[in-house]
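Subject: Structure for your review

Dear colleague,

Please find the structure below, together with its sequence. My notes on what was found in it follow directly after.

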Amino acid sequence: NIVPGGEFARVLCVVTSRTGYCLFTASEDLETMQAYAQVFNKLIRRYKYLEKGFEEEIKKLLLFLKGFTESERNKLAMLTGILLANGNISASILSSLFNENLVKEGVSAAFAVKLFKSWINEKDINSVAASLRKVGMDNRLMELFPANKRSCEHFSKYFTDAGLKELSDFARNQQSIGARKELQKELQEQMSRGETLKDIIAYVREEMKKTSISEQTMIGIVWTSVMSTVEWNKKEELVTEQAIKHLKQYSPLLKAFTSQGLSELTLLLKIQEYCYDNIHFMKAFQKIVVLLYKADVLSEEVILKWYTEAHMAKGKSVFLEQMKKFVEWLKNAEEESESEEEEGD
């Protein structure tokens, strides 16, 4: 029956007072905290049954942060960051920091700064991000702040000012990914409801303005949405016909977001990737490209650029072979056009 508050810290120290190795009386620096983490690491490796219990105790401990002094919180935060980096505990322990009282008084955010600094010092932001994603914490970091401050702008400024720009960038990227997923979901619903292409295009353009999504990113979202609204036939010989009919209907939507050469190339690479990842579409690639060429979605220049240098490795030999005759036709047409221009001059 430990009473929340200062008593909690004192009891912890009493337990270790005989050895003199209390965390809270140690020096407040990373090197010292690393030494403590090493002790825990050795104990857990030797006595595996301690692992789960240790993580649960850390979770409980974090709920009582208000009972510690600022210096004690800093030491605990640094140690927790190192333990996370070592894999002694999982990022699920961060859920304790979302406690309403800790959040309201700013304790959670301040603790998180020290924790993430020591974690990133031991590993890097990619490793931290992977650990957060593994337990679904990657989209919950905003909860370190009260509801009225739970914005990407506030999060970014707070952690950037604290010297954690990489964490700010990660959170911003996560928010952007979340916004794209929501946009894709809404697009698919609009298509399923049978909204007019004019209304869908207007909606997408408005979202591009609001979220500052580039046309290259948007055409990828549009393509995925278009291809996700259909239950495709499993027979290779029938799926091509089905795809051509479907894409013919939505070609004006694709055209609306390929006004730049880079957007066209992005779309073409998305098509290549889709046809490779969905094996029934392997033989449909050339027909899809030709359809979109005729619909003025893909230009001759972009198709030739893709063929000669900008294609990806996925299904490369199959798709280049499929496109060979069409590319030769494009080149001949280009040469004839140039010749007519010279004669005209």
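In these notes, contact means heavy atoms within 4.5 Å. Helices (H or I, at least four residues) and strands (E, at least two) are DSSP runs, numbered from the N terminus. This is a predicted model, in which local features need pLDDT of at least 70 and side-chain atom pairs count only at pLDDT 80 or more, while totals for chains, interfaces and linings use all residues. Residues are numbered from 1 along each chain as its sequence is written, and side-chain values use heavy atoms, with hydrogens and water left out.

Overall form

The protein chain has 16 helices and zero strands. Its radius of gyration is 28 Å, well over the 20 Å that the globule rule gives for 345 residues, so the chain is more spread out than a compact globule. That radius is taken over C-alpha atoms, and the globule rule is 2.2 Å times the number of residues to the power 0.38. The C-alpha trace spans about 95 × 45 × 40 Å along its principal axes. Among contacts with a separation of 6 or more, 70% are between residues 24 or more positions apart. Of the 345 residues, 43% count as buried (buried is under 20% relative accessible area, exposed over 50%, partly exposed in between, with a 1.4 Å probe and protein chains only).

Helices α13 and α14

Helix α13 (residues 261-277) packs with helix α14 (residues 285-294) at an angle of about 155 degrees, their axes being 10 Å apart. Axes are lines fitted to C-alpha atoms, for helices over the stretch in contact, and angles run from 0 to 180 degrees between N-to-C directions. The two helices are therefore roughly antiparallel to each other (angles under 35 degrees count as roughly parallel, over 145 as roughly antiparallel, 65 to 115 as roughly perpendicular and the rest as oblique). The crossing of α13 and α14 is right-handed; a crossing is so called if the near helix is turned clockwise from the far one by less than a right angle, and left-handed if anticlockwise.

On the α13 side, Leu-267, Leu-268, Ile-271, Gln-272 and Cys-275 meet Phe-285, Ile-288, Val-289 and Leu-292 of α14. By class, this contact has eight nonpolar, one polar and no charged residues (Ala, Val, Leu, Ile, Met, Phe, Trp, Tyr, Cys and Pro count as nonpolar, Asp, Glu, Lys and Arg as charged, and the others, Gly among them, as polar). The buried residues of α14 are Phe-285, Ile-288, Val-289, Val-290, Leu-291 and Leu-292. Asp-296, which follows α14, has a positive phi, near 60 degrees.

Helices α4 and α6

Helix α4 (residues 70-86) and helix α6 (residues 107-122) have their axes 7 Å apart and pack at an angle of about 45 degrees. That makes α4 oblique to α6, and the crossing is right-handed. The contact of α4 with α6 has 10 nonpolar, four polar and three charged residues.

Two residues of α9

Glu-186 lies in helix α9 (residues 165-193) and is partly exposed, with a relative accessible area of 23%. Leaving aside neighbours within four places in sequence, Glu-186 is in contact with Arg-193 and Tyr-203. Ser-192 also has its place in α9 and is exposed, with a relative accessible area of 58%. Ser-192 and Val-226 are 34 residues apart in sequence and 10.0 Å apart in space, C-alpha to C-alpha.

With kind regards
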